[in-house]
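Morning, everyone. Please have a look at the model on the screen.

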Amino acid sequence: MPDEWFADQYDVVIIGAGSSGSVIAARASEQPNHSVLLLEAGPDYPLIGETPFDLVNSYRNSTADHDWGHAYQPTAEGRPTAFPRGRVTGGSSAVNTTIALRGVPEDYDHWAELGNEQWSWERVLPLFNRLERDLDFGHEPYHGDAGPITIRRYPHEELSETHQAFLEAARGLGYPDCADQNDPQGWGSGPQPMNKLQRLRVSTAVGYLAPARIRPNLKIVGDTHCRRFISDDRGRVTHVEVERNGEVRRIASKLFVLSAGAIQTPPILWRSGLGPQRALEDLGIEVVADVEGVGANLCDHPALSVIATLKDPSLASSELPLIQTILRYTAPGSEHRNDLQIELITWTQRADSPGAFSIAAVLEQSHGRGTVRIDSADPHAQPRIEQHFCEDDRDAVRMLAGFKDALAFVETEPLASLIDELRFPDPSRGADDESLLNLIRRLSGSGYHPCGTARMGPAEDAGAVVDQFGRVHALSGLVVADASIMPEVPRANTNLTSIMIGEQIGEWIRTRPGDYGL
Ligand SMILES: Cc1cc2nc3c(=O)[nH]c(=O)nc-3n(C[C@H](O)[C@H](O)[C@H](O)COP(=O)(O)OP(=O)(O)OC[C@H]3O[C@@H](n4cnc5c(N)ncnc54)[C@H](O)[C@@H]3O)c2cc1C
């Protein structure tokens, strides 16, 4: 790529080619009069046929070759733990497990109740339909059949032996079968909806960018790290400062869209002078606007896994898909429908447990909140991520219920007969509620679904960073559009909701340019 692109003036510059940013680039560039530049810190692989295997291979997550190397603090007593995030075109959608779940309607209606009426279930359902090509249920009114992201579910004969046993055990435990986990009223156990075709991970780089690349008004440039935005004294963002091949340059645009994800978006805003005033001053960053909400309100899904070795270790082979099935249900006495997930994970990545699989209990609606902050203004410094999982008793007791339900699976046929030994929790240490609660408060980890760190809300809401159209309250010319604007985590893995956000804001930029200064 010749370097003259640095000198250009664009209509729209998007930072971060992930689940949201790639979709915005594709949708915004449908308007041929808009010149659109998509910048990505990681590499870009324009040809699917030349894409490295770790990105193609949906059977396992890619956590090394295209990763940011972040770590996080899960609980007060927990150990700092790796926190994978994709660093490549496609972003985390290019490295993830390809679970394609929507939140429940109440999640989005709650966003609307918080002052974001554009995001009610009624309004977001057409976006979820538009993004997908559901090969199993595309004919249903609550599904789509022609979108860029292909979704299907493993039929029974394609499930590995452990996943077949999991579904059978779920039946034995009294859970109903659920053929379509994306039915808005669905719950129970069944195959996961997944955005993959055999092994091929259908990331946003595959679904959205590949067909859009031919457009002359869209440029996609990888290996370009965003340092910060520059604004003028009237509070308008005029340039983005980026680093490429060791060179620092500034690029001008009418509109900037920040889609760096819930972990990287706050540090970029802090470095641009947008964040809590005291913290910015301590770092020697010139304050543009005192915005408490940047980096606060980190939401996620706490998870803890039962681990068991298998009599036949080949059943826990990494040549089998990591996940194929799911149980979605409600904790006893909970007012939050489908606030628990139980998932069998074909093999555990713990080095001390070869030939083992895990059964994860995941809390899908959590009251705990964490933070993403920086300790240095260096644009390459790692952020400090703190989660505080299950410190809130309302979360701990529901996790306890989920973890005990996960334990019941290993004792239920036909799964029980496949198991050699329970490795975690250690049976010799007692499985009474108090012991399990201690484990939960200490060892819960991330479901890898961070969001909420630059949340949307009305201007009078002190914690809101952007309005419901993604426009930064404190500055003009800057939009945030990624998982960080979610006010709360939906009761589902967050990829489809991040893509849906890209669909919505991309459409608005294309159809309502005046609202975005274009
Ligand atoms: C290992 C793993 C497994 C997961 N499994 C699932 C799953 O099965 N199903 C599911 O629904 N969700 C899953 N998730 C979560 C889901 O993928 C994310 O919620 C979603 O991708 C977030 O989208 P985003 O656009 O907010 O951020 P991302 O997709 O992470 O995109 C952010 C992009 O910005 C780029 N960027 C960041 N900083 C800069 C910078 N300074 N300069 C330039 N570019 C920058 C990044 O490299 C990245 O490409 C998983 C995540 C991981 C990491």
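First, the ground rules. This is a predicted model, with local features needing pLDDT of at least 70, side-chain atom pairs counting only at pLDDT 80 or more, and totals for chains, interfaces and linings using all residues. Residues are numbered from 1 along each chain as its sequence is written, and side-chain values use heavy atoms, with hydrogens and water left out.

Start with strand β19, residues 340-345. Strands here are DSSP runs of E, at least two residues, and helices are runs of H or I, at least four, numbered from the N terminus. 6 of the 6 residues of β19 are buried, so the strand is largely enclosed by the rest of the structure. Buried means under 20% relative accessible area (1.4 Å probe, protein chains only). L340, I342 and L344 point one way, and Q341, E343 and I345 the other.

Now its neighbours. Strands pair if DSSP finds at least two bridges between them. β18, residues 325-329, runs antiparallel to β19, with 3 bridges. R328 has Q341 as its bridge partner. On to β20, residues 356-363: antiparallel to β19 again, with 6 bridges. There, L340 stands opposite L363.

Finally, polar contacts: pairs of N or O atoms within 3.5 Å. A side-chain N or O atom of E40 is 2.6 Å from a ligand oxygen. For a polar side-chain atom of S92, the distance to a ligand oxygen is 2.8 Å.

Technical notes:
Buried means under 20% relative accessible area, exposed over 50%, partly exposed in between (1.4 Å probe, protein chains only). A polar contact is a pair of N or O atoms within 3.5 Å; within protein, one must be able to donate a hydrogen and the other to accept it, and residues adjacent in sequence count only if both atoms are side-chain atoms.
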